[in-house]
Amino acid sequence: MHDNTRRDFLLRGCAASAALIIPSFALQEKGGAKEEGEVEVSPTEDLMREHGLLNRVLLIYEESARRLARKSDLDPKVLTYAAGIIKNLIENYHEKLEEDYLFPRFEKASKLTALVAVLRHQHQAGRRLTSEIQQMAGAKSSAERQKLLAAIQAFIHIYRPHEAREDTVLFPALHQIVSAHEFDALGEDFEKKEHELFGKEGFEGMVVKVAGLEKQLGIYDLAKFTPK
């Protein structure tokens with residue numbers, strides 16, 4: 001009886017210890033997976049980050065438009081450089097990803113096809129406006145500055161709702177038409193193309209360039225946008 005009792009006690013002790021150890025180990029594994037997941041950027045998050053950078057360029061456009069409307073000084077190099085970022089990052093890269101990888105998948109799945117058609121058309125309209133802005137960035141006469149102002153305002157008018165609709169409707173729906181494996185593969189394709197076009201700095205390098213333009217216009221300090 002004494003041996004049986006001692007053996008039962010030891011078995012219960014081992015079971016209790018295991019009960020404490022296993023959940024702790026599971027939590028460590030879960031935590032580690034989460035940290036690894038945070039490093040990766042999904043294809044839709046990648047596109048949304050680029051929309052964030054686009055928004056910062058639109059702020060540059062808005063400040064430029066205010067100066068044109070007030071007939072204040074505006075360095076044409078700032079506008080030329082900003083339009084160049086739109087052309088290189090947004091039109092030649094970001095929109096090409098959407099047109100080559102996303103839009104065809106939605107069209108093949110017969111999902112959100114009307115929205116995709118409008119988005120395609122707006123891409124084309126945006127490219128025409130970017131070319132106009134680049135060509136007229138150094139406008140000097142009142143008439144030329146008015147045309148430049150109109151082109152900037154038209155671009156902003158298109159892309160505020162354009163990117164908002166993609167972020168809230170199109171991108172979330174991507175999960176419904178592709179598998180998890182295909183979704184991950186898209187992220188790898190996007191990253192590869194990003195580094196092919198922009199080198200090792202990639203997106204982060206573009207952020208630095210946009211910040212430089214913001215500083216030149218005096219709109220970099222975020223606190224300045226807070227109402228007093």
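How many of the residues in the protein are buried? Buried residues make up 36% of the 228 residues. Buried means under 20% relative accessible area, exposed over 50%, and partly exposed in between (1.4 Å probe, protein chains only).

This is a predicted model: local features need pLDDT of at least 70, side-chain atom pairs count only at pLDDT 80 or more, and totals for chains, interfaces and linings use all residues. Residues are numbered from 1 along each chain as its sequence is written, and side-chain values use heavy atoms, with hydrogens and water left out.

**Figure 1**
Along the sequence, the pattern reads α-α-α-α-α-α-α. Helices (H or I, at least four residues) and strands (E, at least two) are DSSP runs, numbered from the N terminus. Of the contacts with a separation of 6 or more, 79% come from residues 24 or more positions apart. Contact means heavy atoms within 4.5 Å.

**Figure 2. Confidence is lowest in helix α1 and highest in helix α4, among the elements of the protein.**
The score here is pLDDT, the predictor's confidence in each residue, from 0 to 100. The protein averages 86, and 83% of the residues score at least 70. Helix α1 (residues 2–39) has a mean of 43, whereas helix α4 (residues 113–136) has 98. Over residues 14–38, pLDDT stays under 50. The model has one contact beyond four places in sequence for that stretch.

**Figure 3. Tyrosine 61 and phenylalanine 155 form an aromatic pair.**
A search of the whole structure finds four aromatic pairs. In this one, the rings are 5.6 Å centre to centre, with 75 degrees between the planes, and the pair is edge-to-face. Rings of Phe, Tyr and Trp (its six-membered ring) pair if their centres lie within 6.5 Å; planes under 30 degrees apart count as stacked, over 60 as edge-to-face and the rest as tilted. Tyrosine 61 lies in helix α2 (residues 43–69) and phenylalanine 155 in helix α5 (residues 142–177), 94 residues apart. Both tyrosine 61 and phenylalanine 155 are buried. Tyr61, Phe155 and Tyr159 form one aromatic cluster.

**Figure 4. Tyrosine 101 pairs with phenylalanine 190.**
Why is this pair edge-to-face? The ring centres are 5.6 Å apart and the planes stand at 80 degrees, so the pair of tyrosine 101 and phenylalanine 190 is edge-to-face. The pair links helix α3 to helix α6 (residues 180–198), across 89 residues. Tyrosine 101 is buried, with a relative accessible area of 17%. Phenylalanine 190 is buried too, at 0%.

**Figure 5. Glutamate 98 is buried yet has no salt bridge.**
Glutamate 98 sits in helix α3 (residues 76–108). A salt bridge is a side-chain nitrogen of Lys or Arg within 4 Å of a carboxyl oxygen of Asp or Glu. Lys and Arg count as positive and Asp and Glu as negative; His and the chain ends are not counted. The nearest side chain of opposite charge is arginine 127, 7.4 Å away. Leaving aside neighbours within four places in sequence, the contacts of glutamate 98 include Leu47, His51, His123 and Phe171.

**Figure 6. Glycine 126 is found in helix α4.**
Glycine 126 counts as buried because its relative accessibility is 0%. Beyond four places in sequence, glycine 126 is in contact with Glu91, Phe155, Ile158 and Tyr159.
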